[in-house]
Amino acid sequence: MTLTDLRYLIALAHERHFGRAAEKCHVSQPTLSVAIKKVEDELGVQLFERSATEVKITATGRRIVSQAEKVLLEAAQIHEIAAAGKDPLSGPLRLGVIYTIAPYLLPRVIPRVHRLAPRMPLIIHENYTTRLLEALKRGELDVIILSLPFEEAGIVAQPVYDEPFRVLMPATHPWTALARIDPEKLADDQLLLLGAGNCFRDQVLEVCPHCRNVSGLQRTLEGSSLETIRHMVATGLGVTVLPSTAADDLPTQNTLVAVRPFSEPEPSRRVALAWRVTYPRSGAIDVLRTAILESELPGVRPIGRAVPLEVLETS
């Protein structure tokens, strides 16, 4: 079997449909079907159960697909090692970022990455933490930006900055008379949150445990994004909690809202870079980290120092 055959196996295992798997692999459906059958004949075992309506992977098929993913990841390392040996700052960097960081970090980081490594364009993918981690482990992404904590075997996590949380409220809200907001006060108002499954929602609920009560959650409205929630606050619908990068500049842009910090100790999240331990382009990681630290993100507390440009150029 070939590496291409293994890619077909993985695509079919993920899509559970021959047509979609073929489309994902940019081949015709008969080509993919013949390749799958060839592998099954060579191994002497059935990998997929086929019916008129669906494709199911067998228990043995799951184990073989898991091994195939490891084989393709290791094979890709050959090209990455060769590229790193030539110039780690040349060639695309596949970057994953969680939804609650990307809109506020990337506009500041991209120009700095371009200045530090003009031959290293970024291929950017936004998603939830769990999906980004899976893509990273499969080798579909090179590095991801997410908030801690998390633990994954074979993945390195390097903290970059701590980001405090803010309370966003309508400009006419009574809380604007306060210099700081106590977290437990959130349970007394209409709190707008992201939908279930978003890690930032969970972090907000940790800030205000009383908001976990059924009565509190019944008064909680779910928004599809932080941007949507910011607009709802501006209409006077309720209050919300935002990371400082999404909140601190808002009052100068929108006179309908006001921002207040929390009482000490301020709740916050720790943002980190994560990559596979085998990833060879350490210079590319250094560039990305330096670009983030140089971005002067509002409210954040950097962890460590940026790498000088002359060091990056010789790494």
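Student: What does UniProt list for residues 1-58?
Tutor: The unreviewed entry has them as "domain: HTH lysR-type"; such annotations may be inferred rather than shown by experiment. This is a predicted model, where local features need pLDDT of at least 70, side-chain atom pairs count only at pLDDT 80 or more, and totals for chains, interfaces and linings use all residues. Residues are numbered from 1 along each chain as its sequence is written, and side-chain values use heavy atoms, leaving out hydrogens and water.

Student: At what angle do α1 and α3 cross?
Tutor: Roughly 105 degrees, with the axes coming within 9 Å. So α1 is roughly perpendicular to α3 (that label covers 65 to 115 degrees).

Student: Which α1 residues meet α3?
Tutor: Asp5, Tyr8, Leu9 and Leu12, and their partners in α3 include Leu32 and Ile36 (contact is heavy atoms within 4.5 Å).

Student: Switching topic: which residues touch the most others in the largest nonpolar core?
Tutor: Ile145, Tyr161, Leu273, Leu288 and Ile292, out of 41 residues. A core here is buried Ala, Val, Leu, Ile, Met, Phe, Trp, Tyr and Cys joined through side-chain atoms within 4.5 Å, with buried being under 20% relative accessible area (1.4 Å probe, protein chains only).

Student: Which element gives the largest share?
Tutor: α12, with 7 residues. There's also a second, separate core of 33 residues, Leu194 and Val257 among them.

Technical notes: Buried means under 20% relative accessible area, exposed over 50%, partly exposed in between (1.4 Å probe, protein chains only). Helices (H or I, at least four residues) and strands (E, at least two) are DSSP runs, numbered from the N terminus. Axes are lines fitted to C-alpha atoms, for helices over the stretch in contact, and angles run from 0 to 180 degrees between N-to-C directions. Angles under 35 degrees count as roughly parallel, over 145 as roughly antiparallel, 65 to 115 as roughly perpendicular and the rest as oblique.
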